[in-house]
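Here are a few exercises to work through with the coordinates open in your viewer. Try each task yourself before you read the solution under it.

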Amino acid sequence: MGVTDPIADMLTRIRNAIMARHDSVLVPASRMKLYIAKILRQECFIADYEVLGNQPHRQIKIILRYDETNQPIISGLKRVSKPGLRVYAQRNEIPRIYGGQGIAILSTSKGVMTGNKAWRQGIGGEMLCYVW
């Protein structure tokens, strides 16, 4: 049976792997999940990611980051827009997560990007998730 919310599934897998102090986690691949993983790497929340396998069963191996005291860099993940309730934000409605310590990830007409980048470009979009 398929997953009704693949992005929430990805965030839950990452959250569970962090709680279990795993070095990496495998997530079924999709284009949207690759964009989210790319943003997490650019914002230094994860160490790296790589795509394993070939179509149709590709997976993304996300390598998690921990600081020198073995505390995870990601302290929280929250899914905002869900299949049953889509949440959209205009440019002036994009929130700052923990005073700029976290990021909001949006799906805009110009692609998937952080809330800060969308705000600078003057566009809004669907609020996918918060990461802090």
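This is a predicted model: local features need pLDDT of at least 70, side-chain atom pairs count only at pLDDT 80 or more; totals for chains, interfaces and linings use all residues.

Residues are numbered from 1 along each chain as its sequence is written, and side-chain values use heavy atoms, with hydrogens and water left out.

**Exercise 1. Work out how helix 1 and helix 2 are oriented to each other, and which residues make the contact.**

Step 1: find the elements. Helices (H or I, at least four residues) and strands (E, at least two) are DSSP runs, numbered from the N terminus. Helix 1 covers residues 6-19 and helix 2 covers residues 31-42.

Step 2: get the angle. Axes are lines fitted to C-alpha atoms, for helices over the stretch in contact, and angles run from 0 to 180 degrees between N-to-C directions. The two axes come within 10 Å and cross at roughly 40°, so helix 1 and helix 2 are oblique to each other.

Step 3: list the contact (heavy atoms within 4.5 Å). Helix 1 brings Pro 6, Ile 7, Met 10 and Ile 14, and helix 2 answers with Met 32, Lys 33, Ile 36, Ala 37 and Leu 40.

Step 4: sort these residues. Ala, Val, Leu, Ile, Met, Phe, Trp, Tyr, Cys and Pro count as nonpolar, Asp, Glu, Lys and Arg as charged, and the others, Gly among them, as polar. That gives eight nonpolar, no polar and one charged.

**Exercise 2. Search the whole structure for aromatic pairs and classify what turns up.**

Step 1: Rings of Phe, Tyr and Trp (its six-membered ring) pair if their centres lie within 6.5 Å; planes under 30 degrees apart are stacked, over 60 edge-to-face, and the rest tilted.

Step 2: run it. You get one pair. The ring centres of Tyr 98 and Trp 132 sit 5.2 Å apart with planes at 40°, so the pair is tilted.

Step 3: Tyr 98 is in the loop between strand 5 (88-89) and strand 6 (103-108), and Trp 132 is in the segment after strand 8 (125-131), 34 residues apart.

Step 4: check accessibility (buried is under 20% relative accessible area, exposed over 50%, partly exposed in between, with a 1.4 Å probe and protein chains only). Tyr 98 has 54%, so it counts as exposed, while Trp 132 is partly exposed at 22%.

Step 5: look at the backbone too. Tyr 98 has a positive phi of about 50° although it is not a glycine.

**Exercise 3. Is Thr 114 buried or exposed, and what does it touch?**

Step 1: Thr 114 belongs to strand 7 (residues 111-114).

Step 2: its relative accessible area is 10%, so Thr 114 is buried.

Step 3: skip neighbours within four places in sequence, and Thr 114 is in contact with Ile 39, Glu 43, Ile 103, Ala 104 and Leu 106.

**Exercise 4. Track down a cis peptide bond and another positive phi.**

Step 1: The bond from Gln 55 to Pro 56 is cis, with omega near 0°; Pro 56 lies in the loop between strand 2 and strand 3 (59-64).

Step 2: Arg 21, not a glycine, has a positive phi of about 60°. Arg 21 lies in the loop between helix 1 and strand 1 (24-28), and is partly exposed at 35% relative accessibility.

Conventions: Angles under 35 degrees count as roughly parallel, over 145 as roughly antiparallel, 65 to 115 as roughly perpendicular and the rest as oblique.
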